[in-house]
Amino acid sequence: MTLDEFLARAAELERDGLARIADAHDAAALDDARITLLGRKQGALTALMSALPTLPPEARRDAGAASNRVKGALEQALDARLAALRAAAAPSWRPLDPTMPARATWRGALHPVTLVIDEIAAIFRELGFTIALGPEAETEWYNFGALNFPPDHPAMELHDTLYLGDDTLLRTHTSPVQVRALQAIAPPVRILAPGTVYRRDFFDATHAPAFAQVEGMAVDEGISFADLKATLSEFARRFYGRTRRVRFGPSYFPFVEPGAQMDVEVDLGDGKGLRWVEILGCGLMHPRVLEAAGLDSERYTGWAFGMGPARIAMSRHGINDIRLLYDSDVRVLAQFAP
Ligand code: PHE
């Protein structure tokens, strides 16, 4: 064999070998290629090199160098192809590691005022009350007139009430739902009406221009102040705890007669121990309210109450500024998440 013939066969081996390696589509095919090309006994390169002794002595050095270069090129191509096949077979997902610490996720929670409303509703549901809702945009009649406010009552003035038009306003309390419920349902009626109310107040530590109220009302034949006291005392014991004391004192609202307030002994968490906190306004429904709703006030009597769940949430958590609740800063609210 001449040197030229040897070099031509070496070049052919490299060309065919690289093509075969590129064609290998799995690890087994690549193994076959490696053995056929570079195998020590039967490999094509071994076969080529076995011709070296037949070359003239002065050609052997160049022929040997050419064989080594082909060997190096094939080995490199085999390694690169193997790496490519492995990378293609590797899963794109990482296998599950059950020992990894869980990621902390914040799934959200109910607002502390919503939680109070839900607890109040659950207690009154057990006492036989149904949820009733009314509109936040009300007429003057439902918000004031039907509730026995005299036409010149100061609450109706522009500095207290947010008017939407001549006759429409944002309700200043949930009491209009009393009248709407009595127009819709025949007695006996026991409803609980949670909702948002609006007042023309500056947003300060003790006032919010929009805040929650929960209204309650029971109307039937023969309802008395004793029913009011018993029901609201039972509510306070369930909400605050069996041993908590409650007291009733006189108060005034145009739509009740007599009007009262209920105080509960509450620990505000300020180190001063139990103290009386006003929780709600209440009273026997004024006969004019029952008549305005179309009921015979000689036959039916009722009682009603209204409370502010934000104030209850504040007394529960020792919060002294209502803005902390209604600013809706999640960093604050998350602290009260159950
Ligand atoms: N509506 C009254 C208020 O906003 C509360 C109340 C409701 C008082 C029902 C008595 C009876 O303050």
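Here is a short tour of this structure, one selection at a time.

Before you click: this is a predicted model, where local features need pLDDT of at least 70, side-chain atom pairs count only at pLDDT 80 or more, and totals for chains, interfaces and linings use all residues. Residues are numbered from 1 along each chain as its sequence is written, and side-chain values use heavy atoms, with hydrogens and water left out.

**Zoom out.** Colour residues 3-89 as domain 1 and 112-336 as domain 2; the bounds come from an automatic or database domain assignment. Their C-alpha centres are 92 Å apart.

**Select the ligand.** Show everything with a heavy atom within 4 Å of the ligand and you get 14 residues, with H173, S175, R199, Q213 and G306 the closest. By class, the shell holds six nonpolar, six polar and two charged residues. (Nonpolar is Ala, Val, Leu, Ile, Met, Phe, Trp, Tyr, Cys and Pro; charged is Asp, Glu, Lys and Arg; the others, Gly among them, are polar.)

**Check the polar contacts** (pairs of N or O atoms within 3.5 Å). S175 puts a polar side-chain atom 2.9 Å from a ligand nitrogen. For ligand oxygens, look at Q213, with a polar side-chain atom at 3.0 Å, and at R199, with a side-chain N or O atom at 3.1 Å. On its own the ligand exposes 320 Å², and the protein buries 90% of that (Shrake-Rupley areas, 1.4 Å probe).

The ligand sits in the largest pocket.

Now colour β5 (210-220), β8 (274-285) and β9 (301-307), the elements that give two or more residues to the shell. The top contributor is β9, with three. (Strands are DSSP E runs of at least two residues, helices H or I runs of at least four, numbered from the N terminus.)

**Last stop: the backbone.** Most residues other than glycine have a negative phi, and most peptide bonds are trans. Which bond joins P187 to P188, cis or trans? It is cis, with omega near 5 degrees, and P188 lies in the loop between α7 (176-184) and β4 (189-198). E257 and P258 are also joined by a cis bond, omega about 0 degrees, with P258 in strand β7 (256-267). Finally, pick N148: its phi is positive, about 70 degrees, in the loop between α6 (140-143) and β3 (168-170).

Notes. A polar contact is a pair of N or O atoms within 3.5 Å; within protein, one must be able to donate a hydrogen and the other to accept it, and residues adjacent in sequence count only if both atoms are side-chain atoms. On a 1 Å grid over the protein atoms alone, a cavity is a set of points where a 1.4 Å probe fits but cannot get out, and a pocket is an open set with protein on both sides within 12 Å along at least five of seven lines; lining residues have an atom within 4 Å of a point. A molecule sits in a cavity or pocket if more than half of its atoms lie within 2 Å of its grid points.
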